[in-house]
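Have a look at the sequence and the structure first, then read on.

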Amino acid sequence: MLRFQREHLETLLTAVDLGTFDAAARALSITPSAVSQRVKAMEQLVGRVLLQRTTPIVPTPDGAVVLRHARQVRLLDEETARDLGGAATDDGDRVPSIPLAVNADSLGTWFLDALAIVRRDTEVVFDLHREDQDRTAELLRSGTVMAAVTAESDPVQGCSSVALGIDRYRAVASPAFVDRYLDGADSERRMLQRLDRVPLVDYDHDDDLQQGFLRRVVGHAPRGPRHFVPTSADFARAVTLGFGWGLLPEAQCLDALERGALVELTPGRRADVALWWQRWNLASPLLERVTDAVRATAAERLHPPVSGGRQAVAR
């Protein structure tokens, strides 16, 4: 049976989280040579390379397995210390840290409200990783995060997966944008034909939400110029300011539609993004607490999940 030393596990975690042996050495108040020796001792124990000595450091597939174990051990130690010691100490040593991955629109609309529920009665800090659904799954596999909001329903190995609900997106633009580019588009068919060539707003170069929407309804990706605005709130603001049309989650556009600050371009066609919650299968009361809060908030803020429905790409 493999028995890792706790200080070795903590050294591996710190090196991966901070990216270099030098940074880990400073954080742990030891020398870079000592960091290297501890990692080598772990590699000799398992007989496999655990870290790629790149900048930043990257765990190998075998290293990801050990990293995941190290993070689980740290969380359980922190929870035990908290339960035994009561309130957190001034230096924060007993405050557990939960790394989570979430797509930008969920982070910008409802996810922080879920975490706020946990914070009302629990001392915990959150390490949030904002990524798309492909990257969140990778972060789960690598042991970087313990749970993720994702558009991927199939559970990552060692994780459970539950449906959160549907985030519904509407194709919208500002009234000034409509007057400038879409005047005379008096039917949905003509509107879609116009959308093919007018400016749009994308989150980043990997954002396929707008592209996929038009591919499904007109058969090909839009050919118009693209703005790239890589934060959820600023993306919504760019659309509202008339930079281009875009798909916004209802949480970011319903009020503006009611006020007339935005116009819905295709009322008969919307994009539904199925969101899932994947988390490690770890007997952690704190992780259970986070899961309960996320599921409860999602149930209030998202449309009910539909089994077998089309899944779009979450940004």
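Let's start with helix α10, residues 232-240, where Ser 232, Phe 235, Ala 236, Ala 238 and Val 239 are buried. Those five sit on the same side of α10, because they cover an arc of only 160° around the axis, the arc being that of the directions from the helix axis to the C-beta atoms. On the other side of α10, Ala 233 and Arg 237 are exposed. Buried here means under 20% relative accessible area, exposed means over 50%, and partly exposed is in between (1.4 Å probe, protein chains only).

What covers the buried residues of α10? The cover includes α5 (104-119), β6 (159-173), β7 (200-202), α9 (209-218), β9 (246-249) and α11 (250-259). After α10 comes Gly 242, with a positive phi near 90°.

## Ground rules

This is a predicted model, so to speak of local features takes a pLDDT of at least 70, and side-chain atom pairs count only at pLDDT 80 or more, while totals for chains, interfaces and linings use all residues. Residues are numbered from 1 along each chain as its sequence is written, and side-chain values use heavy atoms, with hydrogens and water left out.

## The whole protein

Stepping back, there are twelve helices and eleven strands. Both are DSSP runs numbered from the N terminus: helices are H or I with at least four residues, strands are E with at least two. The C-alpha trace spans about 70 × 40 × 35 Å along its principal axes.

Of the 315 residues, 48% are buried. Take the contacts (heavy atoms within 4.5 Å) between residues at least 6 apart in sequence: 72% of them join residues at least 24 apart.

## Nonpolar cores

A nonpolar core is a set of buried Ala, Val, Leu, Ile, Met, Phe, Trp, Tyr and Cys residues joined through side-chain atoms within 4.5 Å. The largest one here has 53 residues, and those touching the most other members are Trp 110, Phe 111, Leu 164, Leu 195, Trp 245, Leu 265 and Trp 277. Helix α12 (residues 285-301) gives the most to this core, with six residues. Apart from it lies another core of 19 residues, among them Leu 9, Phe 21, Ala 25 and Ala 70. In soluble globular proteins, nonpolar side chains tend to be buried together.

Which residues does Leu 195 contact, leaving aside its neighbours within four places in sequence? They are Leu 182, Leu 214, Pro 222, Trp 245, Leu 265 and Thr 266.

## A buried tryptophan

Trp 280 is found in strand β11, residues 270-280. With 0% relative accessibility, Trp 280 counts as buried. Trp 280 and Met 146 are 134 residues apart in sequence, yet their C-alpha atoms are 5.6 Å apart in space. Outside four places in sequence, the contacts of Trp 280 include Met 146, Arg 68, Arg 71, Leu 140, Cys 159 and Leu 287.

Most residues other than glycine have a negative phi, and most peptide bonds are trans. Ser 29 has a positive phi, near 60°. Ser 29 sits in the loop between α2 (21-28) and α3 (32-46), and its 67% relative accessibility makes it exposed.

The peptide bond from Thr 55 to Pro 56 is cis, with omega near 0°. You'll find Pro 56 in the loop between β1 (51-52) and β2 (58-59).
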